[in-house]
Amino acid sequence: MLIKKMSARIDSLHELLAFLANLAKKNGFSKDTQNRIELVAEEVLVNVFSHAYKDASGEVEVRCFDPDGSSLTFEIRDAGVSFNPLERIEPDVKAGLDERRVGGMGVLLIRRMADAVAYRREGNTNILTLTFANR
Amino acid sequence: MDIEVTQDSEISVFVLRGRLDAVSAPQLEDRIGLWFEQPGTRLIFNLEGLDYVSSAGLRVFLTSAKKMKTRDGKLCMAGLRPNVKEVFTISGFITLIPAYDTLGAAKDAIR
C-alpha cells in the first residue's frame, strides 16, 4: 500500500492528483481511466479542503492499495468533521437554465465516474473508498 | 490553464487550453467577469485545447450561461474532447450550453 499525506488545502491538489495518476499510469491503466481517477479524486479532495476542518488546518491522506491490473482502489481520509459526501442531494440534471443551481455537481461526478464508492466513519476519521476498473 | 480572448467582429472567443480545475477556475471566473462588464452578446468557448474540466470549471460555464441569458445574448462551446464532453453530458450542461464540433460551426450558429 502506498500512502501520501498532505495539508488539506488547495495547494496540495496537483501533487495528490499526480500521485494517483502516476500510479495508474505505471500500472498500465488507460488514459481514460487515469482521467476519471483524477476527476473524482479532485471532487473528493476539494470537498475535504473546503468542509473538513472549517477554518483550522488539518491533513488529508490518500491510501492506494496495490492494483490488480484490472482495477485500482484508493481511500481518501481526513480527520475533520463527520461528512458523507454521498448523502448530498444530487442536482436535477434535467432542470432548465433558470432553475439550474450552481453546485452539487461534484457528488454527481463522483457517483457516475467511479465504479464503486463507499463512505465510512472510523473513530474521528472520514474514509471514502473509491474503485476504478481499467477500461 | 491558458486563456486567450480573440474577437471576430461581434463574436468574442475564449480559447481555453490545459486544465480547468479548482486551482485554475478562479482565473477564468475573473477573466469572464471582466468580459461581462462590456456590453457583448456573442461568446464562444473554444475548448479544442482543453484537456480536463472538473465541477469547479462547470460552475463558471453555468454562471456565464445564466448571465448571458439575462442580457439576451448567445453563448456556445466548440471542439469538446471526448472526456470533456462526458463531464458536460453527465452534468446535463450539454443541453444548457450548445456544443459544436468546430469553431466555424459555432460561429455560424450564433452570428
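This is a predicted model: local features need pLDDT of at least 70, side-chain atom pairs count only at pLDDT 80 or more; totals for chains, interfaces and linings use all residues.
User: In what order do the strands of the open sheet in chain B lie, and what is the pairing?

Analyst: The open sheet of chain B holds 5 strands. Its edge strands are S1 and S5 (99-100) of chain B, each of which pairs on one side only. The order is S1-S2-S3-S4-S5, and the pairing is mixed.

User: Is the pairing of S2(B) with strand S3 (residues 42-53) of chain B parallel or antiparallel, and over how many bridges?

Analyst: Strands of a sheet pair through backbone hydrogen bonds, in either a parallel or an antiparallel sense. In S3(B), Gly49(B) stands opposite Arg17(B). For S2(B) and S3(B) the sense is parallel, over 8 bridges.

User: What radius of gyration does chain B have, and what would a compact globule have?

Analyst: The C-alpha atoms of chain B fill a box of roughly 30 × 25 × 25 Å along the principal axes. A compact globule with 111 residues would have a radius of gyration near 13 Å, and the value for chain B agrees, because it is 13 Å.

User: Which percentage of the residues of chain B count as buried?

Analyst: Contacts in chain B with a separation of 6 or more come, for 73%, from residues 24 or more positions apart. Of the 111 residues of chain B, the buried share is 37%.

User: Where does Ser9(B) lie, and is Ser9(B) buried or exposed?

Analyst: Ser9(B) is in the loop between strand S1 (2-8) and strand S2 (11-20) of chain B. Its phi is near 45°, a positive value in a residue other than glycine. Most residues other than glycine have a negative phi. Because 7 other C-beta atoms lie within 10 Å, and 12 or fewer is the criterion, Ser9(B) is exposed.

User: What is the order of elements in chain A from the N terminus?

Analyst: Chain A comes to 3 helices and 5 strands. From the N terminus on, these elements run β-α-α-β-β-α-β-β.

User: What radius of gyration does chain A have?

Analyst: Along the principal axes, the C-alpha atoms of chain A fill a box of roughly 45 × 35 × 25 Å. Of its 135 residues, 33% count as buried. With 135 residues, a compact globule would have a radius of gyration near 14 Å; the value for chain A agrees with this, at 15 Å.

User: What is the value of phi at Lys54(A)?

Analyst: Lys54(A) lies in the loop between H2 and strand S2 (59-64) of chain A. Lys54(A) counts as exposed because it has 9 C-beta neighbours inside 10 Å. Its phi is positive although the residue is not glycine, with a value near 50°.

User: Which element gives the largest share of the side of chain A that touches chain B?

Analyst: The contact takes 19 residues from chain A and 20 residues from chain B. On the side of chain A, the elements giving two or more residues are helix H1 (13-26), helix H2 (31-52) and helix H3 (105-113). The largest share, 6 residues, comes from H2(A).

User: How many nonpolar, polar and charged residues does the side of chain A that touches chain B have?

Analyst: Chain A gives 19 residues to the contact. By class, this side has 10 nonpolar, 3 polar and 6 charged residues.

Key: Residues are numbered from 1 along each chain as its sequence is written. Chains are lettered from A and ligands numbered from 1 in the order in which they are written. Two residues are in contact if their C-beta atoms, placed from the backbone, lie within 7 Å. Helices (H or I, at least four residues) and strands (E, at least two) are DSSP runs, numbered from the N terminus. Ala, Val, Leu, Ile, Met, Phe, Trp, Tyr, Cys and Pro count as nonpolar, Asp, Glu, Lys and Arg as charged, and the others, Gly among them, as polar. A residue is buried if 20 or more other C-beta atoms lie within 10 Å of its own, exposed if 12 or fewer, and partly exposed in between; C-beta atoms are placed from the backbone. The radius of gyration is taken over C-alpha atoms; the globule rule is 2.2 Å times the number of residues to the power 0.38. Two strands pair if DSSP finds at least two bridges between them.
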